[in-house]
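Colleague: Could you take me through this one? I keep meeting labels, and I'd like to see what stands behind them.

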Amino acid sequence: MDKLTIHRGIVAPLDRANVDTDAIIPKQFLKSIKRSGFGPNLFDEWRYLDVGEPGMDNSKRPLNPDFVLNQARYKGASILLARKNFGCGSSREHAPWALLDYGFRIVIAPSFADIFYNNCFKNGVLPIVLSESDVDRLFGEVASFPGFELIVDLPEQVVRTENDSLSYRFEVDAHRKYCLVNGLDDIGLSLRHADLIREYETRRLHDKPWLGRTLAG
């Protein structure tokens, strides 16, 4: 998992509340568990004018010109600004996979569905909770200034503009912060103790050699 410390990026506004995980990545694309390749189908039903299916050439599909991610001013956006209860619905981990594969490292909203919120941290996406009034202000800034950018300083737990005209502090669990700053998912956390794990396995096979024969079939 890539480290996340200080991130600067263009903000894309998704002005919808209660965006569920089936809208983020529709159910027909959930067959793969590779964690990659989902970006082209992020928000598929809103992004394209036809019905998306696995294996389609997305470059040839008709785009919905009214959808925010299809507008030139938001090209390359890596911070998603959303409304309350983002990520509700089913608990599919593919939702943060799709956001990350598209290029989003940060999602800012007044509230998130619990399972989606947890899945984001496990997959390198930082969900930031700000008040509805702060989110309203950011939506106004994004609408007023094409190419509007924010700087997210995770170590300092601050979202700000370059000139500090806007600055918001956010809360994040200390352990989750540690994992993102150091680029550690659950497997990475375990592998920090790889030497101890190997030592244990060696000692166990020495003390109980029949386990080796059992594991070998």
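**Labels and their cut-offs**

Modeller: Let's start with Arg83, which counts as buried because its relative accessibility is 19%, and buried means under 20% relative accessible area, with exposed over 50% and partly exposed in between (1.4 Å probe, protein chains only). This is a predicted model, so local features need pLDDT of at least 70 and side-chain atom pairs count only at pLDDT 80 or more, while totals for chains, interfaces and linings use all residues. Residues are numbered from 1 along each chain as its sequence is written, and side-chain values use heavy atoms, leaving out hydrogens and water.

Colleague: Why is Asp20 called partly exposed?

Modeller: Asp20 has 29% relative accessibility, so it counts as partly exposed. Over the chain, buried residues make up 45% of the 217 residues.

Colleague: Where is Arg83 found?

Modeller: In the loop between β2 and α3. Helices (H or I, at least four residues) and strands (E, at least two) are DSSP runs, numbered from the N terminus. The chain has nine helices and seven strands.

Colleague: What makes the link between Arg83 and Asp15 a polar contact?

Modeller: The side chains of Arg83 and Asp15 are joined at 2.7 Å. A polar contact is a pair of N or O atoms within 3.5 Å; within protein, one must be able to donate a hydrogen and the other to accept it, and residues adjacent in sequence count only if both atoms are side-chain atoms. Arg83 also makes a side-chain polar contact with Asp136, at 2.4 Å.

Colleague: Which ring does Arg83 lie over?

Modeller: Phe139, at 3.9 Å from the ring centre. The rule is that NZ of Lys or CZ of Arg must be within 6 Å of the ring centre and within 35 degrees of the ring normal. Arg61 lies over the face of Tyr48 in this sense, at 3.8 Å from the ring centre.

Colleague: What does the side chain of Asp20 reach?

Modeller: The backbone nitrogen of Asp22, at 3.0 Å, and the backbone nitrogen of Ala23, at 2.8 Å. Asp20 sits in the loop between β1 (6–13) and α1 (21–24). Not counting residues up to four places away in sequence, Asp20 touches Cys88 and Gly89; contact means heavy atoms within 4.5 Å.

Colleague: How many aromatic pairs are there?

Modeller: Rings of Phe, Tyr and Trp (its six-membered ring) pair if their centres lie within 6.5 Å; planes under 30 degrees apart count as stacked, over 60 as edge-to-face and the rest as tilted. By this rule there are ten aromatic pairs. One of them is Phe86 with Phe116, at 5.4 Å centre to centre with 75° between the planes, so it is edge-to-face by the cut-offs.

Colleague: Which parts of the chain does the pair link?

Modeller: Distant ones: Phe86 is in the loop between β2 (79–81) and α3 (94–102), and Phe116 is in helix α4 (residues 114–122), 30 residues apart. Phe86 and Phe116 are both buried. Phe86, Phe112, Phe116, Tyr117 and Phe121 form one aromatic cluster.

Colleague: Which strand gives the most to the lining of the largest pocket?

Modeller: Strand β5 (residues 149–153), with three residues.
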